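Dear colleague,

I am handing over the structure below, together with some notes on what was found in it. Please read the notes with the coordinates open beside you.

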Amino acid sequence: MATKKKQGVVRKVSAKVKSKAKSAVRKVAAKATRSLDRAAIRAAQAPAKKTTQASAAKSSASKASAAKSSTAKSSASKASAAKPSTAKSSASKAAAPKASAPKSSTAKSPASKAAAVKSSLPAPKVASEPKASIAKPSSMTKAPAVTAAIQRAAAVKSAPATSSAQQATNSAPAQKSLFASEPAPAPAVTVGQTAPAISLPGDDGKTHSLSEHLGKPVVIYFYPKDNTPGCTQQACDFRDNLARAQGKGAVVYGISRDSLASHEKFRSKFQLNFPLLSDQSLEAHRAYGTWGAKSLYGRQFDGTIRSTFLIDRQGKIARVWPKVSVTGHVDEVVSAIEALA
């Protein structure tokens with residue numbers, strides 16, 4: 001019996017211990033699950049807080065920009081509203097005298113005085129002047145005297161402008177051209193007249209004059225500038241045909257404003273076989289009328305007009321080629337030399 005009681009006691013104790021252990025385990029498990037749940041909730045709430053903060057920042061920025069735009073729009077609308085209102089008020093003020101003039105019969109304004117004077121004077125003969133400037137407002141049609149006064153006032157206002165414009169146009173011809181740095185060229189020489197005398201230094205170190213060559217045909221050609229395409233072609237054409245010209249005893253000179261040093265380089269570069277004369281003072285250019293106004297790509301300037309002159313054995317002008325076109329020109333000059341008696 002004692003053993004049975006002991007066994008019963010042991011069972012009860014073991015049952016209590018087991019229940020206590022189970023309850024402890026359950027409590028520990030519950031705490032663990034709670035902590036895990038809290039950690040999960042915190043982890044889930046963290047990005048949500050970030051998004052809410054970002055959305056709050058965005059909303060504040062949008063509110064600020066909206067406020068700025070609204071203030072800018074309100075200021076612009078106020079300015080635009082002020083402009084037409086001021087324009088309308090000025091227009092109404094300007095139109096007020098015109099509209100009120102015909103209605104007020106007792107007010108002694110300058111317009112009414114002018115109308116009274118106008119009505120007392122005889123009607124003008126020129127009737128086309130008011131017709132050309134008929135205005136649309138009804139007030140002007142109702143009061144022709146007022147319209148006449150207004151037209152006179154407009155004519156008085158426009159008179160100084162027209163006078164100043166006339167003065168500007170009258171003074172325009174007196175102004176000098178921007179490119180008129182040199183005197184106007186002399187009239188071009190004509191066939192049959194005595195060739196103007198010239199005496200110019202050459203790139204060969206000598207001074208050449210026409211009087212040295214009486215009894216011989218002389219060709220002088222004026223060209224703009226050394227080493228330019230057209231002038232180079234023309235000089236090389238004279239070089240290649242010089243033997244034909246010298247066969248008739250002719251002498252050839254090229255003349256430009258270039259310096260002797262430039263002539264020497266030009267002559268040696270292309271092996272020219274005739275002298276180049278320097279006319280930096282433009283004395284020969286003016287004597288033969290080869291200095292004048294030119295235009296290039298819309299720009300006007302004074303310069304050498306490419307021209308060629310053939311002087312016969314008596315020292316008179318036999319042929320003149322003004323404004324030369326380079327292609328085929330030298331052959332024509334040599335043919336004219338060969339045709340001289």
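In the hairpin of β6 and β7, which has two residues between the strands, Y297 takes a positive phi near 55 degrees. The strands β6 and β7 run antiparallel and are joined by six bridges, and one of the pairs is L296 with R299 in β7. Here strands (E, at least two residues) and helices (H or I, at least four) are DSSP runs numbered from the N terminus, and two strands pair if DSSP finds at least two bridges between them.

Please bear in mind that this is a predicted model, in which local features need pLDDT of at least 70 and side-chain atom pairs count only at pLDDT 80 or more, whereas totals for chains, interfaces and linings use all residues. Residues are numbered from 1 along each chain as its sequence is written, and side-chain values use heavy atoms, with hydrogens and water left out.

β6 (291–296) and β7 (299–304) each supply at least two residues of the lining of the second largest pocket, with the largest share, four residues, coming from β7. This pocket holds about 180 Å³ of space, and its lining divides into three nonpolar, two polar and six charged residues, among them W291, K294, F301, D302 and R306. A pocket is an open set of points on a 1 Å grid over the protein atoms alone, with protein on both sides within 12 Å along at least five of seven lines, while a cavity is a set where a 1.4 Å probe fits but cannot get out; lining residues have an atom within 4 Å of a point. Grid points are joined across faces, edges and corners, and a volume is the space filled by probe spheres set on the points. Ala, Val, Leu, Ile, Met, Phe, Trp, Tyr, Cys and Pro count as nonpolar, Asp, Glu, Lys and Arg as charged, and the others, Gly among them, as polar.

As for cavities, a search of the whole structure finds one of 30 Å³ or more. The largest cavity is lined by A197, I198, S199, L200, E283 and A284, and β1 (199–201) and α9 (283–288) each supply at least two of its lining residues.

Finally, D203 forms a salt bridge (a side-chain nitrogen of Lys or Arg within 4 Å of a carboxyl oxygen of Asp or Glu) with R267, the closest N and O atoms being 3.2 Å apart. This pair links distant parts of the chain, 64 residues apart, since D203 sits in the loop between β1 and β2 (207–209) and R267 in helix α8 (residues 260–270).

Best regards
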